Amino acid sequence: MSTVPLPPLPPAPEGGFRPGGRSIADIVDREHRQLLALLDQLTGPDATPQEGLPVLSAALSRHLSAEEQYLLPAVRAALPTATERVDAEIAADAGLLNALKGLTDEALTEVAERVRQHVEGVGGLVTELRAVATDEELIRLGNRLEIAEEAAPTRPHPGTPATPPWNRIVEPAVGVVDKVLDVVTRRPTYLADLPEPPRD
């Protein structure tokens, strides 16, 4: 399997070194399953979506931010023929972030449909990236994605830059402000904060 031109990463030692961590493809696939499970939980017959809306908003905000910082640029670099699809996903992300602003029970149906479209579209790109990237590249990107998620905003900010290098500078700064507000308002932002976290 040949090495593909990925966004700049720290140099890896020679000699068969395998970095620790999880593949970006595995991380994204798992998060997509968790988001769909959360939506099923929030829209089911016995749902009380109000308690889960802040968590859904935070999880999606982090997820989309990290994908735009590392996954989508990697796909663009490794799969030149997918450029238009990457651009379409970035535009769809902006629409999803707009739908998340002031999220209510009534808007949940639209958000759920947008998330399902996101999972299908990005899932296809992940499958293609997995086919051309080495395991080491996927793991190194996975490490970057997880770091980016921890620093990412927990609220939707559709007006922030969606492509490197600016999103890697702006998003963590916005994320700091969001996290301060989360602490002050005691807003839940992780799946583990829910009384019954969804299973992926």
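Q: Why does Arg-130 count as partly exposed?
A: The model is a predicted one. In it Arg-130 has 33% relative accessibility. Buried means under 20% and exposed means over 50%, with partly exposed in between, so Arg-130 counts as partly exposed.

Q: What makes the contact of Asp-29 and Arg-130 a salt bridge?
A: The rule asks for a side-chain nitrogen of Lys or Arg within 4 Å of a carboxyl oxygen of Asp or Glu. For the side chains of Asp-29 and Arg-130 the N to O distance is 2.8 Å, so the pair meets the rule. This pair links distant parts of the chain, with Asp-29 in helix α1 and Arg-130 in helix α4 (residues 108-132), 101 residues apart. Asp-29 counts as partly exposed, because its relative accessibility is 24%.

Q: What makes Asp-40 and Arg-116 a salt bridge?
A: The N to O distance between their side chains is 3.6 Å, and the limit is 4 Å. Asp-40 is in helix α1 and Arg-116 in helix α4, and this pair too links distant parts of the chain, 76 residues apart. Why are Asp-40 and Arg-116 called partly exposed? Asp-40 is at 49% relative accessibility and Arg-116 at 36%, while the band for that label runs between 20% and 50%.

Q: Which residues do salt bridges with shared partners join into one network?
A: Asp-26, Asp-29 and Arg-130 are joined in this way. By the salt-bridge rule, the count comes to 9.

Q: Why is Val-176 called exposed?
A: Val-176 has 52% relative accessibility, and exposed means over 50%, so the label applies. Val-176 lies in helix α6 (residues 166-185). Together with Val-180 and Val-184, Val-176 forms a nonpolar patch on the surface, with about 290 Å² of accessible area for the three.

Q: Is Ser-57 buried or exposed, and how do you know?
A: Ser-57 is at 5% relative accessibility, so it counts as buried. Ser-57 lies in helix α2. Its C-alpha atom is separated by 30 Å from that of Glu-137, 80 residues apart along the chain.

Q: Is Ala-131 buried or exposed, and how do you know?
A: Ala-131 has a relative accessible area of 54%, so it is exposed. Ala-131 is found in helix α4. The C-alpha atoms of Ala-131 and Leu-191 are separated by 30 Å, with the two residues 60 apart along the chain.

Q: What is the phi of Arg-186?
A: Most residues other than glycine have a negative phi. Arg-186 is not a glycine, yet has a positive phi of about 55°. Arg-186 lies in the segment after α6, and with a relative accessible area of 76% it is exposed.

Q: What is the omega of the peptide bond from Pro-164 to Pro-165?
A: Omega is near 5°, and the bond is cis. Most peptide bonds are trans. Pro-165 lies in the loop between α5 (135-151) and α6.

Q: What volume does the largest pocket have, and which residues are closest to its centre?
A: The volume is about 340 Å³. Of the 15 lining residues, Glu-31, Gln-34, Arg-62, Glu-149 and Leu-191 are the closest to the centre. Helices α1 (24-43), α2 (53-78) and α5 each supply at least two lining residues, and α1 gives the most, with 6.

Q: Which residues does the "Hemerythrin-like" domain annotation cover?
A: The annotation comes from an unreviewed UniProt entry and covers residues 24-120. Over that stretch the chain is 79% helix and 0% strand, and the end C-alpha atoms are 16 Å apart.

Methods:
Residues numbered from 1 in each chain as written. Predicted model: local features only at pLDDT ≥ 70, side-chain atom pairs only at ≥ 80, totals over all residues. Heavy atoms only, no water. Patch = residues over 30% accessible without salt bridge, like charges linked within 9 Å, V, L, I, M, F, W, Y side chains within 5 Å. Areas by Shrake-Rupley, 256 points an atom, 1.4 Å probe, with all protein chains shown as cover. Helix = DSSP H or I, 4+ residues; strand = E, 2+ residues; numbered from the N terminus. Buried < 20%, exposed > 50% of the residue type's maximum accessible area, 1.4 Å probe, protein only. UniProt positions renumbered as here; feature names shortened; annotations may be inferred. 1 Å grid on protein atoms, 1.4 Å probe; cavity = no way out; pocket = protein on both sides within 12 Å on 5 of 7 lines; lining within 4 Å. Points joined across faces, edges and corners; volume = space filled by probe spheres on them.
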